[in-house]
Amino acid sequence: MESNLNAKMKTLRLASLLFVLLGVAVNCHAKNNCPWINEATASGLLGGDAVGDFTEPSTGQPAVCTIIQTGTGFTRTLRITVEVTPDTHARWQSAAQVCGKNAASLQAIGNESAMCAVDNHGPGLAELVVGRVRDQLFTITISTTLKDDLILTRTSLKEKAYTASEQVAGNLF
């Protein structure tokens, strides 16, 4: 009888431990406030832990995800906007004018998309993607405040902007 009671106590302790571990695992997942990319993916693109914020669309304003990684002396940002517009092609052409002649067409990203370097209003670097999927216009800006960022170099900015655009366009379809 005593060994049966010990076995039940061990089972109860094991069940309690598993319940606690399950509760910890549920609370340790990445946030997913942004409908088009989660913080874990964005953190990988930015080179470290990042925190996101999502702003719902309002009249005449797009939905905006801003994911930021801060460190000593730098800030890296991934900003995604999405708006629904009736004449998406015309709106895309207007938004892509920021790139001017430096626009590089991106193949297989949405219905049409382009990427270019943009002014980061300081010593850092930034890359912009303007694209459309059906009646949705999206922009992706990935930037760093460091001119000589070892993680977000000019080349890696382009690669990471392209990766982010694949993710966003895929989620908009």
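**Exercise 1.** Determine whether W36 is buried or exposed, and which aromatic pair it forms.

*Solution.* W36 has a relative accessible area of 8% and is therefore buried (under 20% relative accessible area; exposed is over 50% and partly exposed in between, with a 1.4 Å probe and protein chains only). The model is a predicted one, in which local features need pLDDT of at least 70 and side-chain atom pairs count only at pLDDT 80 or more, while totals for chains, interfaces and linings use all residues. Residues are numbered from 1 along each chain as its sequence is written, and side-chain values use heavy atoms, without hydrogens and water. Next, the aromatic count comes to 1 pair, taking rings of Phe, Tyr and Trp (its six-membered ring) with centres within 6.5 Å, where planes under 30 degrees apart are stacked, over 60 edge-to-face and the rest tilted. W36 and F54 form this pair edge-to-face, at 5.8 Å centre to centre and 70° between the planes. Because W36 lies in the loop between helix 1 (2-27) and helix 2, and F54 in strand 1, the pair ties together parts 18 residues apart in sequence (helices are DSSP runs of H or I, at least four residues, and strands of E, at least two, numbered from the N terminus).

**Exercise 2.** Locate R134 and list its contacts beyond its neighbours within four places in sequence.

*Solution.* R134 is found in the loop between strand 6 and strand 7, and its relative accessible area of 49% makes it partly exposed. The C-alpha atoms of R134 and N111 are separated by 6.9 Å, although the two residues are 23 residues apart along the chain.

Key. Contact = heavy atoms within 4.5 Å.
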